[in-house]
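Here are a few quick notes to read alongside the model.

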Amino acid sequence: MENDVSWMATDWTEEERPATDLRPEMPHPARIYNYFLGGKDNFPADRAAAEQMIAVAPRTPGAAKANRAFLQRAVRFVAGQGIDQFLDIGTGIPTAGNTHEVAQQVNPKAGVVYVDNDPIVLAHARALMAGAGHGATAVIQADLREPAAILADPRVHEVLDFDRPVALMLVAVLHFVDEELDPYGLVATLLEALPSGSYLILSHATGDFDPPATAEAGKQIYKKAAAQVSPRTREQVARFTAGLEEVEPGLVALSRWRPESAEQAEVWAPGYAVVARKP
Ligand SMILES: C[S@@+](CC[C@H](N)C(=O)[O-])C[C@H]1O[C@@H](n2cnc3c(N)ncnc32)[C@H](O)[C@@H]1O
């Protein structure tokens, strides 16, 4: 397959050009995921890792699409509860139905801050900030493992008012944070900064639905990538919503979170999803 780098020419001004090297020779989760979704913003190393993953678990691209569909359902649901501010950490490379597009279909004034630690996402800042709605959007390069820096970033506060409820989105990103880094503490720090009535939208990879060898093979493939993957059990994922009120149907296999069709409900995806409200 040819190496499509057309995005390099399309989306940057000199100011936006990421300072960091994209390290095309190393597989990156954002670009691997982009390949699973059928996107072209990936390099040969990303495609090779993705194909290895598909060889081990052929339904992975379908699972990635199911995760994306969960994100969109959850954003629609939360926007429908009157939430008009979204902090989307681990944004990914833009694709159809980005958070601000879905939220602004419900409320054109909805504001979104996108956060990702991969500079390729920043390279697409304009795609993430364009749209029909009137709500503000911002894209920042920052790391979920440093929540204090995200919370202190003035660009976050230009778009989001932390005195009003915010939806914190951690969709398919926490499994890139190792247990040793206390992912539960990171999430708690972010939630502490948000007022009552805020929401957490979360999905997370699990090995619970696979033979142990499959999950282990997946971990091995990501070992050569820019971020390692730590699938978690249902019990571990449930710790992220401690002290929150889970919205129906609670913590479930991600295709089972309020599917909008029988077809959506049946897609195999080795991940859990939950939406919960801060009391
Ligand atoms: C599987 S994609 C998910 C994208 C999107 N949230 C979705 O569900 O469609 C994971 C994203 O998380 C980002 N990511 C991984 N580790 C991160 C970290 N420590 N801080 C911020 N972003 C991170 C990756 O760069 C990638 O864009």
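Which residue of strand 2 is the bridge partner of Leu 87?

1. That would be Val 113. Keep in mind that this is a predicted model. The pairing belongs to a parallel arrangement of strand 1 (residues 85–89) and strand 2, with 5 bridges between them.

2. Strand 2 (residues 111–116) is largely enclosed by the rest of the structure, because 6 of its 6 residues are buried. In a regular strand, side chains alternate between the two faces of the sheet. In strand 2, Gly 111, Val 113 and Val 115 point one way, while Val 112, Tyr 114 and Asp 116 point the other.

3. Asp 116 also turns up at the ligand: of the 19 residues around it, Tyr 33, Arg 68, Gly 90, Asp 116 and Asp 143 come nearest. By type, the shell splits into 9 nonpolar, 5 polar and 5 charged residues. Helix 4 (60–80) and helix 2 (29–36) each supply at least two of the shell residues, and helix 4 gives the largest share, with 3.

4. Polar backbone atoms of Val 171 and Asn 117 each lie by a ligand nitrogen, at 2.8 Å for Val 171 and 3.3 Å for Asn 117. The protein buries 98% of the 600 Å² that the ligand exposes when taken alone.

Definitions and conventions. Residues are numbered from 1 along each chain as its sequence is written. This is a predicted model: local features need pLDDT of at least 70, side-chain atom pairs count only at pLDDT 80 or more; totals for chains, interfaces and linings use all residues. Side-chain values use heavy atoms; hydrogens and water are left out. A residue is near a molecule or strand if one of its heavy atoms lies within 4 Å of it. A polar contact is a pair of N or O atoms within 3.5 Å; within protein, one must be able to donate a hydrogen and the other to accept it, and residues adjacent in sequence count only if both atoms are side-chain atoms. Accessible areas come from the Shrake-Rupley method with a 1.4 Å probe; for residues, only the protein chains shown count as cover. Helices (H or I, at least four residues) and strands (E, at least two) are DSSP runs, numbered from the N terminus. Ala, Val, Leu, Ile, Met, Phe, Trp, Tyr, Cys and Pro count as nonpolar, Asp, Glu, Lys and Arg as charged, and the others, Gly among them, as polar. Buried means under 20% relative accessible area, exposed over 50%, partly exposed in between (1.4 Å probe, protein chains only). Two strands pair if DSSP finds at least two bridges between them.
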